Amino acid sequence: MRQLKLIWDFRGPAAAQTAVHHEKHLKEYAFAKALSSQITGNEVLSELHSIAYLIVNEDEMPPVRDALKPHRGQLYSEN
C-alpha cells in the first residue's frame, strides 16, 4: 500500500511554533479517526518556513484531504 505525506506549510517568525501546535491536532485527528498510520511530524525548513505533516495510506487520503485541507502532498518513503 502506498503512503502519502500530507503537508501543511507555515511561514513567518512563528512558523516553527505553529507547526508544532498543528502536529498536536494532526495526532488527535489520526487517533480519533483510527487511521492506519499514526505517523505525524514537523520540520523546520528555514528560519521562516516550517511544516507539519501526517502520513496516510493512499486509500484513506480523500476523506482526510477533504476534512483537513493540506497545502500539498507527496509520496512517502521511510528512507
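Predicted model: local features only at pLDDT ≥ 70, side-chain atom pairs only at ≥ 80, totals over all residues.

Visitor: To begin with, is arginine 65 buried, partly exposed or exposed?

Guide: Arginine 65 is partly exposed, because its relative accessibility is 37%, which falls between the 20% limit for buried and the 50% limit for exposed. Its salt-bridge partner is aspartate 66, with 3.1 Å between the closest N and O atoms. Aspartate 66 is partly exposed too, at a relative accessible area of 46%.

That pair belongs to a set, as the structure holds 5 salt bridges. Another of them joins lysine 5 to glutamate 43, whose closest N and O atoms are 3.4 Å apart. Here distant parts of the chain are linked: lysine 5 sits in strand S1 (residues 3-11) and glutamate 43 in strand S2 (residues 40-46), 38 residues apart. Lysine 5 is buried, with 12% relative accessible area, whereas glutamate 43 is partly exposed at 31%.

Now turn to helix H1 (residues 15-32), which contains both lysine 27 and glutamate 23, 4 residues apart, or about one turn of the helix. Their side chains form a salt bridge, with an N to O distance of 3.8 Å. Lysine 27 is partly exposed, at 45% relative accessible area, but glutamate 23 is buried, at 11%.

Stepping back, the protein has 2 helices and 4 strands, arranged from the N terminus as β-α-β-β-α-β. Its charged side chains number 9 positive and 10 negative, and the centres of the two sets are 4 Å apart.

Definitions and conventions:
Residues numbered from 1 in each chain as written. Heavy atoms only, no water. Lys, Arg positive; Asp, Glu negative; His and termini not counted. Charge placed at Lys NZ, Arg CZ, Asp CG, Glu CD. Salt bridge = Lys/Arg side-chain N within 4 Å of Asp/Glu carboxyl O. Buried < 20%, exposed > 50% of the residue type's maximum accessible area, 1.4 Å probe, protein only.
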